[in-house]
Amino acid sequence: MSKNNMSVIQVKNLTKRFGTFTAVDNISFEVEKGEIFGFLGANGAGKTTAMRMLCGLSQPTSGNGTVAGFDIATQSEEVKRHIGYMSQKFALYEDLKVWENMRLYAGIYGVPRAEIPIVIDQMLASLGFESEKNTLVKDLPLGWKQKLAFSVSIIHRPEIVFLDEPTGGVDPAARRQFWELIYKAAAEGITVFVTTHYMDEAEYCHRVSIMVDGKIEALDTPANLKKQFSATSMDEVFTKLARKAERREN
Amino acid sequence: MKDNIVKEKSYAFALRVNNSQFFAFVKKEFLYIFRDTWTMIILLLLPILMVVLFGFGISTEIKNTHVAVFDPSRDMATRTIVNRLSESEYFIVDKYLNDISEVESVLKNGDYGMVVVFSENFNENMNRGTAAVQLIADGSDPNTASQLSNFATAIINQWRMEDGALKMTGENNSQFSILNSQLKLLYNPTMKGAYNTVPGVLGLVLMLICTMMTSISIAREKEMGTMEVLLVSPVKPFTIILSKTVPYFVLSLVNLATVLSLAVFVLGVPIVGSFWLLIGLSLLFIFLCLCLGVLISIVAPSQIVAMLVSAVVMMLPTMMLSGLMFPVENLPLVLRWIAQVIPAKWFIEAARDVMIKGAGISAITTELLVLCGEAVLFLVVSMKRFKIRLG
């Protein structure tokens, strides 16, 4: 167990090198339970690599970290059991019906068989998707798919859910609806770790970190960051920081 | 004591979870296949289509070839030969040419596979040994041409023996001397193409289902992003791979049954050897194909690459080099070497031996060993690659 029970993610001097390229350069931070933590950075800044290490998909080169109290380097199986994950490709099976997707992921995350129908009904009700139970996912609008994917990723009530650019490509109205779901999950005690491109979304986060060239250049609440960089919006903060970047997208 | 109970409980829980994960997955995979109409068509109809096509349509055997005759003699002997040719199932003699100059145009046209030319006064000259018959076949398809002339030669030879034409001393005549050549076919005396086709189609179909479909379905998960989610989930990668192969394993068993029943009941190809040996051999090959499919899908980043690799690297050589279309012995040396590493080649050879020659397990030991070796190789390499990709 971690020293501080309130911190569900603790990262210290985490580094990942691919050959001579340092994708993630000595980053340290903590995320508290129930927090919505925004993980920002330009493409190629190292967000995805950092997130993959936290999810137990990739071994750190050096440094250490715990997620839900488990070491990310040595206990990745335990880590996986306690997290949810939603990627930018929303990762639902397009040729399966809405409820079949729910059943599959409930099965994967070990929801007891007897409880699966109950869980599915609850989810359909809270999403207002009852009438779409038998719709194939490919026939849903993109915004609905993303809401569904998010709900599926927390079907097993994980301690933390990792969202990798979850709202790519949808309109602002749908994004707002999506964030309502995120707030609801956070209110239920699920910690949300989210990467995003959209700076208006950064404003919704409790705290935000901004990565530039593999390092965390800023980490604070949106209000404090704006004060610190004497900016009126997160967009401006980000632009000021990102200007320093030497790395470009490859 | 208390500790023990807790341990047992958690162990039971772990097992149950893994089982339900596995079944949830297999169920999903079947749903996916059933819902995709084109996949279903490919999986269930293609084998039938292939057996029927290769068995009846694209047969390499020669049947009902149209033959034209130029016969200036028009006597007893030539008429008997022509009758003998038409009576056989290979030839239909339905054109008499009026002039020798027509030979070329008739063959060029493509409607006639062969022209039989008799010398003048054939019957009379037979006794003097100067009677001659010439077989002119369309050499644009050399295999067919040589088979046609072989058959015709055999028929004419038989006539010579039976009709006492032995008296004639035509052996010094160059055209007649070829008639001495004799062809004897073992195991497949009527040269029925289906005998060769069935094991070949079996190899091709199993490769298609197990290698191609498996690799595409795993690559699809990578492409759709679902694989990433699965890797982040507590499901063991091994469970993912295993549950992906189960549906294709079941389907390939259905196809194995379809192809074999079609072969026996429709094409009339007997299973001379042990039925269970043939099934065992097929199961080994199915296992190998699944391993290969997994390996391809691990290397290939997308569905289209997986499909191309399976199609170009595996299916094409299988068709060309496995003896399904041309005998391996006739290939250039380099291609013959390549053929040695094609798994399907070994399977098809062994299946042919068991099905048609009735060979026992001792006769196909080499093939079985090669197939086992290759299966283990594919399995080990894909396990290694899978771990590297995760790290």
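**Entry 1: A:Asn26**

I started with A:Asn26, which lies in strand β2 of chain A, residues 21-32. I note at once that this is a predicted model. I looked up the phi angle of A:Asn26 and found a positive value of about 55°, although A:Asn26 is not a glycine. I flagged this because most residues other than glycine have a negative phi. Next I asked: is A:Asn26 buried, exposed or partly exposed? The relative accessible area is 45%, so I wrote down "partly exposed". The cut-off for exposed is over 50%, and buried means under 20%.

**Entry 2: A:Ser230**

I then turned to A:Ser230. Where is A:Ser230 found? I located it in the loop between α8 (222-228) and α9 (234-242) of chain A. A:Ser230 also has a positive phi, about 35°, and is not a glycine. Its relative accessible area is 59%, so I listed A:Ser230 as exposed.

**Entry 3: B:Lys28**

I moved to chain B. B:Lys28 sits in helix α1, which covers residues 2-35. Is B:Lys28 buried or exposed? I read a relative accessibility of 3%, so B:Lys28 counts as buried. Which residues does B:Lys28 touch, leaving out those up to four places away in sequence? From chain A I noted A:Tyr93, A:Leu96 and A:Leu104. From chain B I noted B:Glu221 and B:Lys244.

**Entry 4: the sheet in chain B**

I traced an open sheet of four strands in chain B. What is the strand order? I wrote β2-β1-β3-β4, with mixed pairing. The edge strands are β2 (91-96) and β4 (133-137) of chain B, and each pairs on one side only. Neighbouring strands of this sheet are turned by 25° against each other on average, direction ignored. I reminded myself that strands of a sheet pair through backbone hydrogen bonds, either parallel or antiparallel.

I then checked one pair of strands. How many bridges join β3 to β4 in chain B? I found five, and β3 (residues 114-118) runs antiparallel to β4.

Last, I looked at two helices of chain B. Helix α4 (residues 102-109) packs on the sheet and touches β1, β2, β3 and β4 of chain B. I noted that the direction of α4 makes about 165° with that of β3 in chain B. Helix α3 (residues 76-87) lies across β1 (65-70), β2 and β3 of chain B. I recorded an angle of about 135° between α3 and β2 in chain B.

Technical notes:
Residues numbered from 1 in each chain as written. Chains lettered and ligands numbered in written order. Predicted model: local features only at pLDDT ≥ 70, side-chain atom pairs only at ≥ 80, totals over all residues. Heavy atoms only, no water. Buried < 20%, exposed > 50% of the residue type's maximum accessible area, 1.4 Å probe, protein only. Contact = heavy atoms within 4.5 Å. Pairing = 2+ DSSP bridges. Axes fitted to C-alpha atoms, helices over the stretch in contact; angles between N-to-C directions.
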